[in-house]
Amino acid sequence: MRKIFLGLGIVMSGFAFSQQFGIKAGLNVSDINNGASGTDMKSKAGIYAGVTATFPVSEEFSVQPELIYNQLGAKTDLYDFGGIIGNVSTTTKLDYISLPIMLQYNFPSNFYLELGPEFSYMVSAKQGLSSSIISPSTDINMDYLNRFNVGAGFGAGFNLNKNFGLSARYTLGLTGLGKNGNVTDYFLDSAKNNNLQVGVNFKF
């Protein structure tokens, strides 16, 4: 029994010394797939930034949990109200704190593939209306939204050296944004976040 605990201690200490911490940041290109509403939602640009920890499991595989601030949402083009106030569009801004947990397969060429779940908590929700002469913005009542969001992420990256890398990831939303039926024209039970991330990583 003592030998078993000693062996486990050696393995755990190996993980402790081989793990890498880092930071990452980049561009989000997100949209909202609201299926049944028929509203034409377009992609919206935002940013993401956060911290990472990489734990090697073997020579090929590693696990990378992350804690990320995520700006998501979408845009919608409406109409010009008879030319009175110009072309009108709405911008939905949904900000989350996200916890992706990625399983990565590492190739000898410093290229890697990854996939895993992403768990998010909504911290802010705003709806903006913009035209050539007005641009009001209002908070969305988050009591009518699911603040917890689950997604499935898959992507790829390339490590330029032991510290710097480039990455791209697409996260497909699995959780509906709205609750208690139709919330607004844009938030139905079936509406889901989708997001493409492109950015840089720095590991210590």
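Reader: How many salt bridges are there by the rule used here, and what makes a contact count as one?

Author: A contact counts as a salt bridge when a side-chain nitrogen of Lys or Arg lies within 4 Å of a carboxyl oxygen of Asp or Glu, and by this rule the count comes to 3 salt bridges. The structure is a predicted model, in which local features need pLDDT of at least 70 and side-chain atom pairs count only at pLDDT 80 or more, whereas totals for chains, interfaces and linings use all residues. Residues are numbered from 1 along each chain as its sequence is written, and side-chain values use heavy atoms, with hydrogens and water left out.

Reader: Why is the contact of glutamate 66 with arginine 169 called a salt bridge?

Author: The closest N and O atoms of glutamate 66 and arginine 169 are 2.8 Å apart, and the rule asks for a distance within 4 Å, so the pair is a salt bridge. Glutamate 66 lies in strand β4 and arginine 169 in strand β9 (residues 164–173), so the pair ties together parts that are 103 residues apart in sequence. Strands here are DSSP runs of E with at least two residues, numbered from the N terminus.

Reader: How do you know whether glutamate 66 is buried or exposed?

Author: Buried means under 20% relative accessible area, exposed means over 50%, and partly exposed is in between, with a 1.4 Å probe and protein chains only. Glutamate 66 has a relative accessible area of 2%, so this residue is buried, and arginine 169, at 3% relative accessibility, counts as buried too.

Reader: What makes Lys24, Glu66, Glu114 and Arg169 a network?

Author: These four residues, Lys24, Glu66, Glu114 and Arg169, are linked by salt bridges. Glutamate 66 also meets lysine 24, at 3.2 Å from N to O, and this pair joins strand β4 to strand β1 (residues 20–33), 42 residues apart. Glutamate 114 forms a salt bridge with arginine 169, with the closest N and O atoms 2.8 Å apart; glutamate 114 lies in strand β6 and arginine 169 in strand β9, so parts that are 55 residues apart in sequence are tied together.

Reader: What makes a group of residues a nonpolar core, and which residues have the most contacts inside the largest one?

Author: A nonpolar core is a set of buried Ala, Val, Leu, Ile, Met, Phe, Trp, Tyr and Cys residues joined through side-chain atoms within 4.5 Å. The largest has 13 residues, and those with the most contacts inside it are Ile32, Leu94, Tyr96, Met122, Ala125, Leu145 and Leu177. Leucine 94 lies in strand β5 and has a relative accessible area of 0%, so leucine 94 is buried.

Terms used:
Helix = DSSP H or I, 4+ residues; strand = E, 2+ residues; numbered from the N terminus.
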